[in-house]
Amino acid sequence: MRHPADRQAVALPEIPGMGRVYARTLTARGSRRPALEPVEVRVDDVTIDAEHLADYQRILGEPVSDVAPAGYLFVLSFPLALSIMTRKGFPLRALGMVHVRNRIVQNHPVRIGDSLGLRTWAQDLRAHRSGTQVDLVTQALDADGDVAWEQVSTFLAKGVRLEGIPAADDGAPRVEFSAPVPTGRWELPADTGRRYAAVSGDRNPIHLNPLLARVFGFQRTIAHGMYTAARVLAAVGPARGEAYAWDVDFARPVLLPATVAVRAAEADGARGRRADDATGGASFELALWDPRSGKPHLTGTLTRLPS
Amino acid sequence: MTSDVTPDQSPEPEVPAKKAPAKKTTAKKTAAKKAPTKAAAKKSPTTTAARAAASAQPSPSGTKPPRRAVILGGNRTPFGRAGKAYASASNQDLLTAAIDGLVARYGLAGVQLGEVAAGAVLKHSKDFNLTRESVLGSALDPRTPAYDVQQACATGLEAFVTLANKIQLGQTDSAIAGGVDSTSDAPIAVGDALRKALIKLSYAKTAGQKAKILASIRPKHLTPAPPRVDEPRTGLSMGEHQAITTLQWGVTREAQDELALASHVNLAKAYDDGFFDDLITPFHGLARDENLRADTTLEKLATLKPVFGKRLEGEATMTAGNSTPLSDGASAVLVASEDWAAERGLTPLAAFVDAQSAAVDFVHGTDGLLMAPVFAVPTLLRRNNLTFDDLDFIEIHEAFASTVLSALAAWESEEFGRERLGLDGAFGTVDRARLNVIGSSLAAGHPFAATGGRILASTAKLLAQRKAETGRTARALISVCAAGGLGVAAILESA
């Protein structure tokens with residue numbers, strides 16, 4: 001991700017509390033201007049709390065270690081993304097936006113004790129066939145100023161049309177999902193959302209309370225997308241290596257409680273390929289689906305990178 | 001074990017080279033003695049898959065041990081169905097009973113053995129010294145050392161291999177290998193939240209701290225967490241894992257039911273023939289395995305509804321009839337040096353030849369959970385310059401009927417042989433007349449850690465009988481799959 005130099009930096013003393021940014025989501029209406037503000041928020045000298053990291057790792061089935069799994073910095077930096085999305089000048093209303101895609105590149109490991117510089121901005125406001133999409137980009141810089149970790153989270157404001165913005169490049173036409181051979185199956189109890197909310201701080205009511213979930217159009221509470229995605233990453237395990245690109249497309253929410261089928265398997269032809277062999281594409285194919293209907297919750301890939 | 005064969009010099013297995021299917025019932029094979037005709041044509045696997053498979057299962061060169069380890073006999077309890085005959089017996093009770101039966105049969109009361117190794121899969125934390133406690137509760141000299149082994153369903157076989165190796169090396173002269181499991185005595189744990197609170201409580205110093213921790217405990221935390229029957233990394237039960245493998249290898253319902261029927265018929269016949277009279281000691285009202293259905297038929301088996309694989313793309317074929325039930329029971333095998341046996345006037349039944357462990361990456365779906373023996377067996381047989389045709393008995397633990405049939409299919413597959421085993425073609429065909437000839441786990445039941453000892457003692461006796469009939473050395477292969485993608489295989493020969 002190219003870092004845009006021409007932005008106004010808003011330095012925050014620390015990562016804001018989720019309670020505060022959520023309160024702002026209730027009032028932020030979205031400016032509906034067809035452009036993004038040239039602004040980014042920054043927080044310097046962020047360190048990882050060992051106990052919090054352990055709670056995160058345990059809830060996902062990751063080994064408790066000093067290295068943060070790629071999804072952890074999503075959790076840590078999520079308030080920064082929300083604070084961009086709830087600024088007065090942000091064109092879309094944050095409340096009700098749907099996380100549709102997430103790409104993380106872990107260039108090198110981030111550990112307990114590292115001093116990280118986080119910076120977050122929005123880019124690529126674009127018209128999508130079902131609304132308007134925008135990317136929230138976050139980078140984590142190590143003490144040398146190198147990008148250790150970076151993420152592009154794509155959010156969709158359903159049904160919102162803004163005049164004069166470019167159309168999204170939808171890329172290749174969608175391939176119909178056909179349920180593969182599972183490598184695992186999870187029973188996700190009704191309190192899955194509440195338990196992950198307690199660790200991640202993401203207390204969006206659609207994850208907590210069935211009645212409130214109904215208000216937002218879901219029959220029951222839904223699992224956090226990044227919880228399910230990070231559990232699939234955990235299923236890849238140490239085979240992902242230290243450096244990797246992790247891409248996830250969210251298809252349908254997981255209504256809780258749920259039984260879901262999982263596939264985290266080496267991609268065709270990936271076995272034995274070296275991480276620095278750039279010719280072969282994805283190392284692992286990832287999928288989560290409803291074993292009854294065969295419909296996908298998420299699909300994705302993990303590609304090992306030379307570390 | 002042959003000392004002159006290293007993996008790089010191993011001859012090609014004979015079976016793949018043959019054009020005719022190996023469906024012969026006679027055991028007059030001399031393949032092992034044939035000149036290694038293709039010894040010079042060392043394989044160089046051309047695919048990365050083959051390389052990965054080859055590197056995943058290291059194939060050490062065999063070295064002739066200083067002396068032989070021989071099986072003198074065995075003893076087990078009849079196996080009970082979970083929660084039935086042995087519902088009130090603990091792991092320690094069952095293991096002690098199996099050891100004491102062995103002690104009685106071979107006159108070992110008050111005898112100090114070199115070592116006892118055994119284990120259980122479902123084990124209470126208080127049973128950290130399960131085997132030692134069982135020895136102390138047995139008629140053996142209390143100065144007999146003991147230790148616990150745990151390798152899922154391969155526990156019993158691995159305990160034996162370890163002790164046999166010690167005997168071969170001269171580190172000990174006599175030993176008992178065993179195993180026990182009681183699903184009726186399974187440990188129930190408290191949930192994580194309560195467990196953490198209780199641990200914190202034990203570190204709390206002041207009454208205030210303690211009160212605060214106690215106040216944090218909620219009624220829902222008191223729900224017990226039963227032992228997991230699924231694989232921790234995949235969430236799939238063993239049956240669901242095997243259902244995937246079953247579909248991948250196209251194993252039919254009929255083939256599974258036929259194997260299950262053969263297991264019951266063969267086990268019932270062996271009981272009727274008195275085969276188990278010196279292998280089993282009745283316990284707690286049971287004289288035969290509680291799961292054995294001597295009167296079952298293909299028709300009865302065909303009426304059972306599938307229980308695994310119901311949510312997969314494909315026909316669900318695995319039923320309670322062609323899967324092993326949860327079981328309770330214990331087994332013990334007496335293994336010693338030939339000198340020790342002679343001193344005590346005991347007659348060796350069989351000698352330990354060699355063993356091989358393997359593991360597969362089932363987590364990423366590369367291989368089926370229970371398919372590790374498919375890799376262990378070729379490595380083991382090739383190292384010993386043997387093919388299936390050189391074996392009088394092939395004992396493949398019946399975790400599920402389809403586990404056995406998937407393994408047979410993999411060994412018969414040209415593609416699997418080439419791509420995954422690094423061979424020129426299929427590894428070989430098992431003559432079904434030599435497979436599990438006195439029944440196996442489908443009929444007997446499968447108290448996880450006790451299965452190895454059951455197979456070892458029965459197979460040793462089969463080998464001794466075969467040698468008595470034919471006057472020549474008889475050989476057997478034992479193969480056990482285990483949770484965690486593990487597998488252990490061993491070769492025995494008549495003593």
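Which strands of chain A does H3(A) lie across? In this predicted model, H3(A) lies across S1, strand S2 (39-46), strand S3 (98-106), strand S4 (116-128), strand S5 (131-141), strand S6 (147-158) and strand S8 (244-250) of chain A. Against S6(A), the helix runs at about 50°.

**The sheet in chain A**
- Eleven strands make up an open sheet with mixed pairing, and their order is S1-S2-S4-S5-S6-S3-S8-S11-S10-S9-S7.
- At the edges you'll find strand S1 (8-12) and strand S7 (184-188), each with a single partner strand, so one side of each has no neighbour in the sheet.
- On average, neighbouring strands here are turned by 20° against each other, direction ignored.
- Six bridges link strand S10 (residues 284-289) and strand S11 (residues 296-304) of chain A, which pair in the antiparallel sense.
- Leu288(A) sits opposite Leu298(A) in S11(A).

**Nonpolar cores**
- The largest nonpolar core counts 72 residues, and Leu92(A), Val134(A) and Trp246(A) have the most contacts inside it.
- Helix H3 (residues 70-85) of chain A is the top contributor to this core, giving twelve residues.
- Both domain 1 (1-162) and domain 2 (172-307) of chain A supply at least three residues each to this core.
- Leaving out residues up to four places away in sequence, Val134(A) touches a list of residues including Leu36(A), Phe90(A), Leu92(A), Met97(A) and Phe155(A).
- Another core, of 53 residues, lies apart from the largest one; Cys153(B), Ala270(B), Phe393(B) and Ala482(B) are among its members.

**Domains of chain B**

Conventions
Residues numbered from 1 in each chain as written. Chains lettered and ligands numbered in written order. Predicted model: local features only at pLDDT ≥ 70, side-chain atom pairs only at ≥ 80, totals over all residues. Heavy atoms only, no water. Core = buried A, V, L, I, M, F, W, Y, C linked by side-chain atoms within 4.5 Å. Buried < 20%, exposed > 50% of the residue type's maximum accessible area, 1.4 Å probe, protein only. Helix = DSSP H or I, 4+ residues; strand = E, 2+ residues; numbered from the N terminus. Domains from an automatic or database assignment. Contact = heavy atoms within 4.5 Å. Pairing = 2+ DSSP bridges. Axes fitted to C-alpha atoms, helices over the stretch in contact; angles between N-to-C directions.
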